[in-house]
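This briefing covers the sheet, the aromatic groups, the charged pairs and a single residue position. Please read it alongside the structure.

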Amino acid sequence: MKKLLEKTTLVGLSLFTFGLSFAQKIDQKSQSILDAVTSNYKSKKNTYFKFTYGSGSGKVTKAETGIFYSSNDKYKLKIMGIEQIFDGSKVYNINDSDKEVTIAKPNDSDVMFSPLSYLESYKKDYNVTYVGKRTVNGKSLDYIKMTPVKENGLSQVNLYVNSAQNKLVKLEQIATNNQLATISISDYKENQNLSSNVFSFDKAKYAKYLITEL
């Protein structure tokens with residue numbers, strides 16, 4: 001995950017977990033909303049969505065679109081000419097412009113790119129507060145603010161949730177250096193009849209690529 005993030009400027013979306021739990025505060029309404037969203041994602045055979053990734057200093061000045069497929073812990077991510085596949089065991093970073101493929105075991109300190117990343121890590125890594133309703137793109141959403149219990153390079157994370165559908169709609173991540181990263185999710189599709197090889201890497205297709213296994 002890390003190498004993909006470095007190549008695509010998605011560094012701000014790399015999350016970190018900690019081996020110890022720290023004193024934290026989670027209000028009941030936030031926990032109820034996030035647990036319902038987590039349960040909804042986990043109940044699906046698979047999930048697909050489009051997203052817009054925005055970044056900038058203090059405000060979004062650059063935006064890119066991408067697509068994401070997931071099934072249990074497996075996923076496929078495409079953005080900025082980079083494709084990443086996690087088959088449940090290894091991470092495959094495929095760069096078409098450089099004709100390179102990097103294969104690696106996921107680092108235990110890196111949480112995979114997924115809506116569940118924050119929905120899971122909030123339980124031990126963040127103080128969580130329900131702020132209230134906010135209007136985003138004409139829709140009234142529940143706004144939840146998360147602040148890390150231990151320094152991790154972030155000042156706060158904001159989640160915007162459609163509670164009626166139990167879906168995460170938007171995520172804002174603000175770093176301590178004021179760098180902003182956002183993900184706006186759209187075009188959800190669930191429980192599709194996906195090909196069995198969606199989350200597989202076919203080495204034969206990349207015979208002309210430089211393949212490096214770490």
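Two strands count as paired if DSSP finds at least two bridges between them. N93 stands opposite T102 in β7, and strand β6 (residues 91–95) is joined to strand β7 (residues 100–104) by five bridges, the two running antiparallel. The model is predicted.

**Sheet and helix**

- An open sheet is formed by 12 strands, with mixed pairing, in the order β9-β10-β11-β12-β13-β2-β3-β4-β5-β6-β7-β14.
- At the edges stand β9 (126–136) and β14 (210–213), each of which pairs on one side only.
- From one strand to the next, the twist averages 15°.
- Helix α2 lies across β2, β9, β10 (139–148), β11 (154–162), β12 (167–175) and β13. The angle between α2 and β9 is about 80°.

**Aromatic pairs**

- There are 10 aromatic pairs in the structure.
- One of them is formed by F49 and F68, with 5.0 Å centre to centre and 35° between the planes, which is a tilted arrangement.
- This pair links distant parts of the chain, since F49 belongs to strand β2 (residues 47–57) and F68 to strand β3 (residues 62–71), 19 residues apart.
- Both F49 and F68 are buried.
- The rings of Y206 and Y209 also have centres 5.0 Å apart, but their planes stand at 85°, so this pair is edge-to-face.
- Y206 and Y209 are both buried.
- One aromatic cluster is made up of F49, F51, F68, Y75, F86 and Y188.

**Charges over rings**

- K167 places its charged end over the ring of Y188, 4.6 Å from the centre. Y188 is a member of the aromatic cluster, and K167 takes part in a network of salt bridges with K44 and E190.
- K29 lies over the face of Y130, and the distance to the ring centre is 4.9 Å.

**Salt bridges**

- Side chains of opposite charge can pair when their charged atoms come close.
- The whole structure contains six salt bridges.
- In the salt bridge between E190 and K44, the closest N and O atoms are 3.7 Å apart.
- Because E190 lies in strand β13 and K44 in the loop between α2 (28–42) and β2, their pair ties together parts that are 146 residues apart in sequence.
- E190 counts as partly exposed because its relative accessibility is 26%.
- D142 and K133 form another salt bridge, with 3.3 Å between the closest N and O atoms. D142 has 4% relative accessibility and therefore counts as buried, the cut-off being under 20%.
- A salt bridge also joins the side chains of E172 and K170, at 3.6 Å from N to O. E172 and K170 are both buried.

**Position T182**

- T182 lies in strand β13 (residues 179–190).
- Is T182 buried or exposed? Its relative accessible area is 7%, and buried means under 20%, so T182 is buried.
- Neighbours within four places in sequence aside, T182 is in contact with T52, Y53, G54, V60, L171 and E172.
- Of these contacts, E172 is the residue that forms the salt bridge with K170.

Terms used
Residues numbered from 1 in each chain as written. Predicted model: local features only at pLDDT ≥ 70, side-chain atom pairs only at ≥ 80, totals over all residues. Heavy atoms only, no water. Helix = DSSP H or I, 4+ residues; strand = E, 2+ residues; numbered from the N terminus. Buried < 20%, exposed > 50% of the residue type's maximum accessible area, 1.4 Å probe, protein only. Contact = heavy atoms within 4.5 Å. Phe/Tyr/Trp six-rings, centres within 6.5 Å; stacked < 30°, edge-to-face > 60°. Lys NZ or Arg CZ within 6 Å of the ring centre and 35° of its normal. Salt bridge = Lys/Arg side-chain N within 4 Å of Asp/Glu carboxyl O. Axes fitted to C-alpha atoms, helices over the stretch in contact; angles between N-to-C directions.
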